Amino acid sequence: TPVDEAMSDVVGLGLRRLARQDPQKALAMLDSYAITMHFSREEQVEIAKEIGLTLARRYDDRALEVMTKYDPELRDNTVTEWRLRLLLRLGRWEDAYELARRLPKDLASTNRWRYWEARALELAQPNSPLIAALYKDVAKERDFYGFLAADRTQSPYQLNNKPLVLSQALINKVRNTPGVRRALEFHDRGEIVDGRREWYHVSRLFNRDEMVAQAKLAYDLKWYFPAIRTISQAQYWDDLDIRFPMAHRDTLVREAKVRGLHSSWVFAITRQESAFMDDARSGVGASG
């Protein structure tokens, strides 16, 4: 009846909320209410998901039983990832490796879980001939886990830098766009803020190829902040010279040495904090 359905919804909501406070009690009540409230299989799984995730986030190994019981086919990616995290946290390397091998394709293809498949195998079966090949595939990528895999195999990091190759016709088209010409004129006159505003406005009118050319134009003119911003908006990630310019290199290297700092650290902080925006100012007076 409608009343029964409403009551079922209320009890289900109550169990999900209880799961965040007392997951063990919610689990015990789920088993009894599942029959009296006529919960569907989907409703039981949703409630059990809340219980399992709460336990997993507390690194409570009871979560594994809940997750295995209610999602044996690994249909919920969030549950599956937490299940694998918990196995890794508990040092159950063999179980973690076996679960990593069964991951759904969209998870198994990520570098994170490809790395942890290799690492779990290494810890579970140190002499396995598969370890090196698994790490080698992951180490081809330019990301955190790719670098970790390279460290495990003592191989160089693969930065996969692919500088832009653009036609002169495209560059000329972008350079001669009225909005770009106005932006560059403002910049040459020292009206930096107005120049950036004009630059950002015209970016919205460009397609991806034109935005990439706009980023290259800014980089060639040593206007680094708009170059970084524009190439990021275009989602072209492989030209590392534009994304991470070595701007003001001589000055930064010299001043870092004077202060006993590693120049790579100084470049990283500068890139992160201001992206080489010369007129950047913080609320406490930091500038440049």
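The model is predicted, so to speak of provenance: local features need pLDDT of at least 70, side-chain atom pairs count only at pLDDT 80 or more, and totals for chains, interfaces and linings use all residues. Residues are numbered from 1 along each chain as its sequence is written, and side-chain values use heavy atoms, with hydrogens and water left out.

I start with A108. It is found in helix α7, residues 105–108; helices here are DSSP runs of H or I, at least four residues, and strands are runs of E, at least two, numbered from the N terminus. A108 has a relative accessible area of 30%, so it is partly exposed, between the 20% limit for buried and the 50% limit for exposed, with a 1.4 Å probe and protein chains only. Leaving out residues up to four places away in sequence, A108 touches L103 and R114, contact meaning heavy atoms within 4.5 Å.

R114 also belongs to the next topic, the contact of α8 with α9. The axes of α8 (residues 111–124) and α9 (residues 131–138) come within 9 Å and cross at roughly 160°. The axes are lines fitted to C-alpha atoms over the stretch in contact, with angles from 0 to 180 degrees between N-to-C directions. That makes α8 roughly antiparallel to α9, the term for angles over 145 degrees.

Last, UniProt, in an unreviewed entry, places "domain: Lytic transglycosylase superhelical linker" at residues 173–240; such annotations may be inferred rather than shown by experiment. That span is 74% helix and 0% strand, and its end C-alpha atoms lie 24 Å apart.

Note on methods: Parallel < 35°, antiparallel > 145°, perpendicular 65-115°, else oblique.
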